[in-house]
Number of protein chains: 2
Amino acid sequence: MDTEAIKDKIVQGGLKFTHQRMVIYEAVSKTHNHPTAEWVYEQVHEQNPSISLGTVYKTLDTFVNANIIQKFVDNNGVMRFDGIMEAHSHLYDNETNEIRDYRNQELEKLIKEFFDKNKIRDFEVEDISVVIKGHNK
Amino acid sequence: MDTEAIKDKIVQGGLKFTHQRMVIYEAVSKTHNHPTAEWVYEQVHEQNPSISLGTVYKTLDTFVNANIIQKFVDNNGVMRFDGIMEAHSHLYDNETNEIRDYRNQELEKLIKEFFDKNKIRDFEVEDISVVIKGHNK
DNA sequence: ATTATTGCAAAGCCTTTGCATCCTA
DNA sequence: TAGGATGCAAAGGCTTTGCAATAAT
């Protein structure tokens, strides 16, 4: 994703374009590691020592509200961010805390069809994902 | 669940039986509210003002390690406990943070069959659950 | 008697907040 | 230039830790 594409992403989210937002979005979108705020901070800090951790937190939150990144919580209660917006499931490694994507169209179709058929009473579903816990072998 | 049954549960977990463990297990098992440590503390504190919050945390953790309760993390990164050990999914209300159980045999069967058929390379699955985010209506 | 458990308070980790300064549109 | 974004430091919420006192086998 080049500078222009990132700028578009940010502006499309209805946000002002700033240098901080640029490099923070870049860091999140370039990895598949489900980064923590701390990890993002370390990435951007190398080239931009003046960016503060607080700004990283605020900016990531702004992105989540603008719907250009996703946020979720890992098994230790730490916030994780993800530039991939399509629905997908996660593999949580109980031993290393690594989180890997698990994408499978058949599974997604299966689940979508199930919930289309089985509406939940009194509950408006916004997002469904499968959490798979275990360990790498 | 009466006193004897709780005692059995604790002893079966390979743990010493103490008064604190008794009342803490009782509080967790009597609710379907996916309690936080704080909630458990408030419950037991009424009748047992000497039990400390630290003991509640340690005891809940001990129970998790002994496999007699489950632990997971809510959308805000707060630990939740659950006396129900069978696999089941959760409905997360984004607005109220309430967590409700969602049990559906057909869904569980669907998912079990899917993963029996589709082994994940290099990953040993220990637990699968479906996370459904949305809001009550 | 020995070893684990408890209570208390302090410390830790991650995250949010407040406010003055700075910058984008 | 007006209003939002940033940097910094302080505070906040939840959880863990250390240690002396206590209780269970």
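Biologist: At what angle does helix α5 (residues 105–117) of chain B run to β5(B)?
Modeller: Bear in mind that this is a predicted model, where local features need pLDDT of at least 70, side-chain atom pairs count only at pLDDT 80 or more, and totals for chains, interfaces and linings use all residues; side-chain values use heavy atoms, with hydrogens and water left out. Residues are numbered from 1 along each chain as its sequence is written, while chains are lettered from A and ligands numbered from 1 in the order in which they are written. Helices (H or I, at least four residues) and strands (E, at least two) are DSSP runs, numbered from the N terminus, and angles run from 0 to 180 degrees between N-to-C directions of axes fitted to C-alpha atoms, for helices over the stretch in contact (heavy atoms within 4.5 Å). Helix α5 of chain B lies across β4 and β5 of chain A together with β4 and β5 of chain B, and its angle to β5(B) is about 145 degrees.

Biologist: In what order do the 6 strands of the open sheet come?
Modeller: Strands count as paired if DSSP finds at least two bridges between them. The pairing here is mixed, and β4 (99–102) of each chain has a single partner strand, so those two stand at the edges. That gives the order β4(A)-β3(A)-β5(A)-β5(B)-β3(B)-β4(B).

Biologist: How many bridges join β5 of chain A to β5 of chain B?
Modeller: These two strands, residues 123–136 in each chain, run antiparallel. One spot to look at is A:V125, which stands opposite B:G134. The bridge count between the two β5 strands is 13.

Biologist: Why is strand β3 (residues 89–93) of chain B largely enclosed, and how many of its residues are buried?
Modeller: Buried means under 20% relative accessible area with a 1.4 Å probe, protein chains only (exposed is over 50%, partly exposed in between). Both faces are covered, with B:S89, B:L91 and B:D93 on one side and B:H90 and B:Y92 on the other. The strand is largely enclosed by the rest of the structure because the buried count is 5 of the 5 residues.

Biologist: Which residue in β5(B) is the bridge partner of B:Y92?
Modeller: On one side, β3(B) runs antiparallel to β4(B) over 4 bridges, where B:L91 partners B:R100. With β5(B), the pairing is parallel, over 4 bridges. There, the partner of B:Y92 is B:K133.

Biologist: Which geometry does the aromatic pair of A:Y25 and A:F63 have?
Modeller: Rings of Phe, Tyr and Trp (its six-membered ring) pair if their centres lie within 6.5 Å; planes under 30 degrees apart count as stacked, over 60 as edge-to-face and the rest as tilted. A:Y25 sits in helix α2 and A:F63 in helix α4, so the pair ties together parts 38 residues apart in sequence. With 5.7 Å centre to centre and 80 degrees between the planes, the pair is edge-to-face.
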